[in-house]
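Welcome to this short briefing.

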Amino acid sequence: MNVYISDDISTNFNFNFNPSNDYSIVLEGSYQLIEPELYYKNFTSNHFRWINDTLGKEQTIYLGAKVKLEKYRLTLFANAKLKDNFMYFDTIVNLLQNDFATNNISLGIEKDYSIYKFHFKTALIYQMTSDNVIMPLPNIVARQVVYYENKLFKRSLKVRVGVNANYTSKYYAYEFMPSISQFYAQNNNEIGSYPYVDFFISTHLKRAQVFFKWEHINAGMSGYSYLLTPTTPALDRSFKFGVSWNMFD
């Protein structure tokens with residue numbers, strides 16, 4: 001028995017309601033009351049040192065709902081998360097435990113549709129946060145997948161050719177501190193407002209699946225503001241491929 005976490009609480013629930021084949025409803029939630037990691041209580045390095053003997057337990061409450069309309073290939077969802085006493089590093093990399101509740105809310109829609117042999121998958125999420133610095137989130141997250149699918153050679157080879165685009169609005173993303181391998185809050189530089197576009201080809205022949213992917217093919221075409229953190233650039237254009245072979249009788 002670990003005495004350090006003996007009083008922690010973690011529970012969750014999931015409720016599925018399927019009144020017909022046309023739609024379904026999913027409700028879910030969780031509650032956690034957990035001791036902060038020992039890392040946050042005592043740490044010493046060449047440039048950082050902290051001792052915290054009076055930390056309270058971190059509390060997280062999550063509630064989510066999802067409605068699937070099968071007939072329209074449409075999904076609507078919403079979720080909310082409330083966090084209290086969570087640990088974070090502030091803008092000057094001081095370790096703090098917030099003493100007020102912070103929340104974020106997400107509302108989203110996903111839609112699949114097809115025109116002839118062209119398929120479209122669209123997702124749009126709107127996010128709100130009560131604190132843009134210590135719990136930063138982009139207000140808008142969008143994704144669009146478009147691909148052409150066909151079966152060739154007497155329908156024995158399935159081929160998909162398409163593009164995948166991802167976009168987030170601007171927000172104050174966390175910065176990274178290498179000496180402690182932790183992210184910390186900052187409110188000077190925003191990242192985002194940049195689309196990432198990938199091109200892919202995938203094939204499926206009996207048990208074998210092969211895919212080719214050119215990630216971030218638009219690198220440099222609309223500037224060089226693609227960043228993972230305010231000072232860390234994302235990868236430039238790159239090529240990947242893979243093979244999957246199902247081994248069964």
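Tyr39, Tyr40, Phe43, Trp50 and Phe89 come together in one aromatic cluster. Rings of Phe, Tyr and Trp (its six-membered ring) pair if their centres lie within 6.5 Å, and planes under 30 degrees apart count as stacked, over 60 as edge-to-face and the rest as tilted. The model is predicted, so to speak of local features pLDDT of at least 70 is needed and side-chain atom pairs count only at pLDDT 80 or more, whereas totals for chains, interfaces and linings use all residues. Residues are numbered from 1 along each chain as its sequence is written, and side-chain values use heavy atoms, with hydrogens and water left out.

**Aromatic pairs**

- The structure holds 18 aromatic pairs.
- Tyr113 and Phe120 are stacked, because their ring centres are 4.9 Å apart and their planes lie at 10°.
- Tyr224 and Tyr226 make a tilted pair, with ring centres 6.2 Å apart and planes at 45°.
- Tyr224 is exposed at 65% relative accessibility, whereas Tyr226 is buried at 5%.

**The sheet**

- An open sheet of 11 strands runs in the order β1-β2-β5-β6-β9-β10-β11-β12-β15-β16-β19, with antiparallel pairing (strands are DSSP runs of E, at least two residues, numbered from the N terminus, and two of them pair if DSSP finds at least two bridges between them).
- β1 and β19 (238–245) stand at the edges with a single partner strand each, so one side of each has no neighbour in the sheet.
- From one strand to the next, the twist averages 10° (axes are lines fitted to C-alpha atoms, and angles run from 0 to 180 degrees between N-to-C directions).

**Strand partners**

- β1 (residues 9–17) pairs with β2 (residues 23–34) in the antiparallel sense over 9 bridges, and a hairpin of 5 residues joins the two.
- Ser10 has Gln32 of β2 as its bridge partner.
- β6 (residues 74–84) and β9 (residues 102–115) are antiparallel over 10 bridges, with Phe77 opposite Gly108 in β9.
- β9 also pairs with β10 (residues 118–129), antiparallel over 12 bridges, and Leu107 has Tyr126 in β10 as its bridge partner.

**The β9–β10 hairpin**

- This hairpin has 2 residues between its strands, and Tyr116 takes a positive phi near 60° there.

How values were computed: Helix = DSSP H or I, 4+ residues; strand = E, 2+ residues; numbered from the N terminus. Buried < 20%, exposed > 50% of the residue type's maximum accessible area, 1.4 Å probe, protein only.
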